[in-house]
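Please keep the sequence and the three-dimensional view at hand while reading.

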Amino acid sequence: MPELPNAYKEQMRTLLGEADYRALMRAYTKSPVRGLRTNTLKVSPSELKEMVPFHLKPVEWCPAGFYYSSKDSPGKHPYHDAGLYYIQEPSAMAVVEQLDPQPGERVLDLCAAPGGKSTQIAAKMGGQGWLISNEIHSQRVNVLTENLERCGVCNATVLNESPQRLASRFTAFFDRILVDAPCSGEGMFRKNPDAVNEWSHQHVLGCTRRQREILDAAIPMLRPGGRLVYSTCTFNTRENEEIVDYLLHTFPDLTLQKAQNHRHFTPGIARETRARTLNEHVARLWPHQLEGEGHFIAVFKKQGDADSPAKETGYPKAALSADLLEKWRTFERDTLTAPLPEKRRIVFGSHLYDIPPDLPDLRGIRVKRPGLYLGEFKKNRFEPSHALAMALTKQNARLVTFLSSKRIGDVAAYLRGETVTAKSSQKGWTLVTVDGFPLGWGKQVGTVVKNHLPKRLRRHVDSY
């Protein structure tokens with residue numbers, strides 16, 4: 001890790017006092033801990049622990065979370081390609097636990113890339129309700145989309161917009177909003193040395209201005225009775241307690257809720273704010289007091305009738321033509337064991353999506369994915385998407401190619417984009433799986449399975 005700036009050291013000494021400051025400095029000499037979170041859309045934590053060849057230890061504040069050993073390489077294992085887990089810093093797992101999204105709700109992750117918290121939200125929603133994952137940066141939104149796909153999320157819209165433009169479309173729309181704000185990253189210095197080089201008091205002030213602008217747009221999108229969680233991975237009070245203080249004095253209909261206590265979380269530092277009692281409600285996670293990096297979490301509730309429904313507004317109709325509908329139904333009959341649950345099927349150009357019935361009009365908004373991408377109409381056929389493969393289970397497909405993680409050669413061949421061999425002669429689209437969990441599509445003729453894993457996802461595997 002690069003040498004910490006002297007101005008940062010003085011800030012932390014003033015903030016913590018000498019004893020805690022020295023403990024924090026000692027923590028910087030240690031290696032960051034490693035974590036992964038079970039994707040409960042596909043497997044339970046207990047099942048995952050039995051399946052993987054890793055040394056796992058539970059993360060106390062996240063029932064789906066585990067620490068793994070520095071000797072393990074979960075990113076190389078095909079279970080990662082299958083979306084059975086998401087590699088995530090352990091402290092970061094605490095944020096969505098505080099958001100507590102429920103099945104059937106409308107949830108917004110406003111600053112969502114790379115997707116760790118969005119995939120955690122989606123898992124808690126269990127495929128019910130609707131998640132909008134937004135990322136303003138055009139390159140980072142691609143990573144967000146890929147992670148949602150890999151984890152088999154079927155009820156998410158991915159947007160690439162500014163919070164201000166979203167606020168004009170989603171007034172009082174969401175039951176829960178997460179603002180995991182861009183910040184100065186002080187809590188990640190041990191994990192991300194680049195953040196050390198970028199740090200300055202001017203950078204902190206710039207982050208503070210941006211955080212206020214994001215929150216000013218977010219609050220109007222929260223419905224009465226809804227919950228908003230504000231989080232950062234930094235330590236200074238300007239980006240944390242003072243932002244909380246700003247919100248409470250700018251939006252009188254917001255109340256600060258007490259974050260769920262945990263024995264490793266500590267109260268806030270409210271010396272520099274007007275709301276003196278807020279330190280009892282917010283949560284701070286320090287790397288010298290727990291196994292994880294630094295985080296700050298504040299939970300808000302918007303006053304009003306919790307049972308009042310959000311404004312209903314439907315997306316413009318884009319019904320399938322009779323010709324396209326027949327191609328889709330032919331694919332369903334030939335490839336799936338039963339038709340997919342009916343949502344709303346819409347076509348953008350030649351691409352077919354499932355969207356929720358009450359998704360607002362998104363014309364004029366930069367949309368990366370309006371919903372679950374089902375596939376593309378090509379000439380006289382329908383070609384399924386990788387996203388659809390990852391949202392299915394082996395029970396959904398008429399043809400399944402079973403690969404075993406214990407036979408690295410077969411799995412590695414598929415992940416490289418090569419053909420694989422099926423056990424019996426068949427014809428049609430086959431769901432290629434590892435230990436029964438989807439990796440992607442293949443097109444089978446006889447016992448030869450032609451590889452349809454997207455080129456962007458292909459990789460060389462030597463060992464795992």
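In which loop does Ala172 lie? Ala172 is placed in the loop between helix H8 (163–167) and strand S8 (174–180). The model is a predicted one, and the values below are computed from it.

## Backbone features in loops

Ala172 has a phi near 50 degrees, a positive value in a residue other than glycine. Because its relative accessible area is 24%, Ala172 counts as partly exposed. Asp435 is likewise not a glycine, yet has a positive phi of about 55 degrees. Asp435 belongs to the loop between S19 and strand S20 (437–451). With a relative accessible area of 31%, Asp435 is partly exposed.

Positive phi values are also found at two glycines. Gly126, which follows H6, has a phi near 60 degrees. Gly349 takes a phi near 65 degrees in the hairpin of S13 and S14, where two residues stand between the strands.

| Residue | Phi | Location |
|---|---|---|
| Asp435 | about 55 degrees | loop between S19 and S20 |
| Gly126 | near 60 degrees | after H6 |
| Gly349 | near 65 degrees | hairpin of S13 and S14 |

A cis peptide bond, with omega near 5 degrees, leads from Ala113 to Pro114. Pro114 is found in the loop between strand S5 (106–109) and H6. Helix H6 itself covers residues 116–125 and is mostly covered, with nine of its ten residues buried. Among the buried residues of H6 are Gly116, Lys117, Ser118 and Thr119. Gln120, Ile121, Ala122, Ala123 and Met125 of H6 are buried as well.

## The pair H1 and H2

Two packed helices are described by the angle between their axes and the distance between the axes. Helix H1 (residues 6–16) and helix H2 (residues 18–27) pack at an angle of about 135 degrees, and their axes are 7 Å apart. The two helices, H1 and H2, are therefore oblique to each other. The crossing in which H1 passes H2 is right-handed. On the side of H1, the contact is made by Tyr8, Lys9, Met12, Arg13 and Leu16; H2 contributes Glu18, Asp20, Tyr21 and Leu24. Sorted by class, the contact of H1 with H2 has five nonpolar and four charged residues, but no polar ones.

## A sheet of four strands

Four strands, in the order S13-S14-S16-S17, form an open sheet with antiparallel pairing. Strand S13 (344–348) and strand S17 (381–384) are the edge strands, each pairing on one side only. From one strand to the next, the twist averages 30 degrees.

The pairing can be followed across the sheet. S13 and S14 are joined in the antiparallel sense over five bridges, and Ile346 stands opposite Tyr353 in S14. S14 is in turn joined to S16 by four bridges, again antiparallel. Here Tyr353 has Tyr373 of S16 as its bridge partner. Strand S16 (residues 372–378) is linked to S17 by four bridges, and these strands run antiparallel. Phe377 stands opposite Phe382 in S17.

Helix H12 (residues 322–335) packs on this sheet and touches S13, strand S14 (351–355), S16 and S17. The direction of H12 makes about 55 degrees with that of S17. Within the sheet, S14 is largely enclosed by the rest of the structure, because four of its five residues are buried.

Is Leu431 buried or exposed? Leu431 counts as buried because its relative accessibility is 0%. Leu431 lies in strand S19 (residues 420–434). The C-alpha atoms of Leu431 and Val400 are separated by 4.7 Å, although these residues are 31 residues apart along the chain. Leaving aside neighbours within four places in sequence, Leu431 is in contact with residues including Ala389, Leu392, Thr393, Lys394 and Ala397. Its contacts also include Leu399, Val400, Thr401, Pro438, Gly440 and Trp441.

Note on methods. Residues numbered from 1 in each chain as written. Predicted model: local features only at pLDDT ≥ 70, side-chain atom pairs only at ≥ 80, totals over all residues. Heavy atoms only, no water. Axes fitted to C-alpha atoms, helices over the stretch in contact; angles between N-to-C directions. Parallel < 35°, antiparallel > 145°, perpendicular 65-115°, else oblique. Left-handed = near helix turned anticlockwise from the far one by under 90°. Contact = heavy atoms within 4.5 Å. Nonpolar A, V, L, I, M, F, W, Y, C, P; charged D, E, K, R; others polar. Pairing = 2+ DSSP bridges. Buried < 20%, exposed > 50% of the residue type's maximum accessible area, 1.4 Å probe, protein only.
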